[in-house]
Amino acid sequence: MWLRLLIIFLLFGLLVILQSSFLVHFRIMGANINLIFILFYLIVFFEESQKYIQGIFSAIIAGFFLDAFSSFYFGISLIYLLIVVFILKYIIYLLHQKRGAYPIVYFIPLFVLSFIIYNLLLMITIYFLSSPHIAPVVSLIFLVKIVYNLIFALFGFYIYKSFKLYRLKK
Amino acid sequence: MNVFLTKKNTIFPKILIGIVIFLVFIGILNLFQKQFKNFFYFVSEPLQKNFWRAGGNTSNFLVSFLETGNLTKTNKDLNIKNQELLQEISILQHTKTENQALREIISIQQEQEFKLILTNIIGIDSYQDSILIDKGSEDGILENMPVINSQKVLFGKVFKVYKSFSKVMLISNQSNVLDIKIQKDDTISPPIYGAVRGEGNFTAILDIVPLDREIKNNDILITSSLEGTFPRNLLVGKITEVRKDDLKPFQTAKIELFFNLKQINKLFIIGDYKVE
């Protein structure tokens, strides 16, 4: 367990550096990839619905790194990711009771929903902390951002799933 | 006897203690925010610089691969040349309209006297349209210092200073409003002023231009120095689409900002600009 948490910590540390320096060169229409959020979502989605430790730990570490490399106060991304964890866990718990699996039809809408919630909360924070006006949530750039991140999240979904299956076989 | 020590009653104090520890943790982080952030930037700087360079090279390679041949290089050279020429036009027009030789000389001298501090970009915060640079308070950097490139294209201003690093708020940041002047060929009519308002996602719009003033596509926007943060005649962007609505007191326009983060990693901080 501790080894897994250490790997998660190091992965988030590496991804936040990659995200703020390498991936910023690959923006499409101003939309960027949020690898930290994608990894965080994958961990929460694939964790058993009754368990919380990995999800909460991921939210704390991902939020911590996102805040450290942003201009926000410490705690903002962290709290928002924790909110997303609890919402996601509750929905996954309800879905899990019905189906008992992690199909892609759940993955896509839940990713879009959690991505919107997180970004909406950030936009509200920017509005109250610094900006006198708020950018429209339903804008073309935001839609491009969702699609762009979803493509990478889908790659992550299949990699994570095959990794999980490989571990189960072992 | 143990009726109060049910499972439900023991969970509540645990959650409460957890919340208190969490809040104390956040409080400590924010109390020493500058030190913590400076430490993280310091530790990650070598990796970030390499990733930044690698990202730029890969991106340029992909672009040149997609656009074939030397198109990217030619385009980059032409962009630089274009920006230089625009800057020259700007200075020439300014000289023509001022019509006060002595004042012009003083102005040029002031521009030449800028203390420019060379800096490297090492990261971007896309959510807040800000960049991280490798110069901080130990290099004499202060808040509100303007940041430009070698072609005098305005990027933004320093808004957070750490020991060895600083954050630069780009002019596309949503809380940024910048007074500008629209460069016109016509030197007889009075100059047109307006404001560039950051829209986030590396975009901005031109606002509060009076309805009776004529603006058109490809008009160049330069700093006017009215707000006192930036020196005048720095290049900002060009108009791409004018939006006129008779019901509104002002006209607005979509603009293309001149700064390009993909093709650059060295910037200059104006270290000693004084309000004219």
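Let's start at S172(B), which is buried, with a relative accessible area of 0%; buried here means under 20% relative accessible area, exposed over 50%, and partly exposed in between, with a 1.4 Å probe and protein chains only. Before I go on, a word on ground rules: this is a predicted model, where local features need pLDDT of at least 70, side-chain atom pairs count only at pLDDT 80 or more, and totals for chains, interfaces and linings use all residues. Residues are numbered from 1 along each chain as its sequence is written, chains are lettered from A and ligands numbered from 1 in the order in which they are written, and side-chain values use heavy atoms, with hydrogens and water left out.

Back to our serine. You'll find S172(B) in the loop between β5 (166–170) and β6 (177–183) of chain B. Helices (H or I, at least four residues) and strands (E, at least two) are DSSP runs, numbered from the N terminus. Leaving aside neighbours within four places in sequence, S172(B) is in contact with residues including D129(B), E199(B), F202(B) and F259(B), where contact means heavy atoms within 4.5 Å.

Next stop, L206(B). This leucine sits in strand β8 (residues 203–210) of chain B, and at 0% relative accessibility L206(B) counts as buried. Which residues does L206(B) touch, not counting those up to four places away in sequence? Among them are I180(B), V196(B), I215(B), I239(B) and Q251(B).

What lies 2.9 Å from a polar atom of the side chain of Q251(B)? It is the backbone oxygen of P210(B). Beyond its neighbours within four places in sequence, Q251(B) is in contact with L206(B), D207(B) and R243(B), among others.

Now let's turn to where the chains meet. Chain A and chain B bury about 3600 Å² between them, 64% of it on carbon and sulfur atoms; buried area is the accessible area (1.4 Å probe) that two parts lose on being put together, summed over both. On the chain A side, H25(A), S71(A) and F74(A) lose the most area to chain B, together 21% of what that side buries. The contact takes 38 residues from chain A and 40 residues from chain B.

Finally, the aromatics. The count comes to 32 aromatic pairs over all chains. Rings of Phe, Tyr and Trp (its six-membered ring) pair if their centres lie within 6.5 Å; planes under 30 degrees apart count as stacked, over 60 as edge-to-face and the rest as tilted. The rings of F22(A) and F51(B) have centres 6.4 Å apart and planes at 70°, so this pair is edge-to-face. F22(A) lies in the loop between α1 and α2 (35–46) of chain A and F51(B) in helix α2 (residues 33–67) of chain B, so the pair joins two chains. For F64(A) and F74(A), the centres are 5.6 Å apart and the planes at 20°, so that pair is stacked. Both F64(A) and F74(A) are buried.

Notes: A polar contact is a pair of N or O atoms within 3.5 Å; within protein, one must be able to donate a hydrogen and the other to accept it, and residues adjacent in sequence count only if both atoms are side-chain atoms.
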